[in-house]
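The sequence and coordinates come first.

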Amino acid sequence: MREKVTRLFVAAAIAEACSWLALLAGMAVKYGPPGNEIGVQVFGPIHGALFVAYGLLVLAVARLHRWSLGVTLVALVCAVPPFATLVFERWAARRGMLRADGASPRPLTPVG
């Protein structure tokens, strides 16, 4: 279960960032010369749903991986700025915070 929820979190982080890109493109079309609102009407609700899904998955992964309150809050705040979910996910993965087996990450320097 831990692995599945972690994979869903990673997928939600990527999807939320992609939906930001689509929503920003829709806003550019809406407020640009064409003045067409279809992009915002389509991608707005999609982005909203992915935003909520990411937030719920942050809470689930934080509990499963026993993240500190500070890390959990940073992960939640990263849903607000465009593409910050990708940055957080990569940061957490590099630090071993998303490992499915619960083991600590490998050391960065060789021991011996």
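L98 lies in the segment after α4, where helices (H or I, at least four residues) and strands (E, at least two) are DSSP runs, numbered from the N terminus. L98 is buried, at a relative accessible area of 10%; buried means under 20% relative accessible area, exposed over 50%, and partly exposed in between, with a 1.4 Å probe and protein chains only. Leaving aside neighbours within four places in sequence, L98 is in contact with T6, F9, V10, V61, H65, W67, E89, A92 and A93, contact being heavy atoms within 4.5 Å. L98 and L64 are 34 residues apart in sequence, and their C-alpha atoms are 9.6 Å apart in space.

## Basis and confidence

The model is predicted: local features need pLDDT of at least 70, side-chain atom pairs count only at pLDDT 80 or more, and totals for chains, interfaces and linings use all residues. Residues are numbered from 1 along each chain as its sequence is written, and side-chain values use heavy atoms, with hydrogens and water left out.

The pLDDT, which is the predictor's confidence in each residue from 0 to 100, averages 88 over the protein, and 89% of the residues score at least 70. Confidence is lowest in helix α1 (residues 2–31), with a mean of 92, and highest in helix α3 (residues 69–77), with 96.

## Overall architecture

The protein has 4 helices and 0 strands, and along the sequence the pattern reads α-α-α-α. Of the 112 residues, 31% are buried. Among contacts between residues at least 6 apart in sequence, 63% join residues at least 24 apart.

The buried residues of α4 are A84, T85, F88, E89 and A92. Seen down the axis of α4, they fall within an arc of 135 degrees, so they line one face of the helix; the arc is that of the directions from the helix axis to the C-beta atoms. V87 and R94 are exposed on the other side of α4. The cover over the buried residues of α4 includes α1, α2 and α3.

In α3 the buried residues are V71, T72 and A75. Viewed down the axis of α3, these lie within an arc of 100 degrees, so they line one face of the helix. L69 and V77 are exposed on the other side of α3. The buried residues of α3 pack against α2 (38–65) and α4 (84–94).

H47 is located in helix α2. Its relative accessible area of 9% makes H47 buried. Not counting residues up to four places away in sequence, H47 touches E16, S19, W20 and L23.

## Salt bridges

A salt bridge is a side-chain nitrogen of Lys or Arg within 4 Å of a carboxyl oxygen of Asp or Glu. By this rule there are 2 salt bridges. One joins the side chains of R7 and E3, at 2.3 Å from N to O. R7 and E3 are 4 residues apart in helix α1, which means they are separated by about one helical turn. R7 is exposed, with a relative accessible area of 57%, and E3 is partly exposed at 39% relative accessibility.

R90 forms a salt bridge with E89, where the closest N and O atoms are 3.3 Å apart. R90 is partly exposed, its relative accessible area being 48%, whereas E89 is buried at 4%.

## Surface

The protein exposes about 7,100 Å², and carbon and sulfur atoms supply 69% of it. Accessible areas come from the Shrake-Rupley method with a 1.4 Å probe; for residues, only the protein chains shown count as cover.

L21, L24, M27, Y31 and F83 form a nonpolar patch on the surface, with about 490 Å² of accessible area together. Patches are made of residues with over 30% relative accessible area and no salt bridge, where like charges are joined within 9 Å and nonpolar side chains (Val, Leu, Ile, Met, Phe, Trp, Tyr) within 5 Å. L21 belongs to helix α1, and at 52% relative accessibility L21 counts as exposed.
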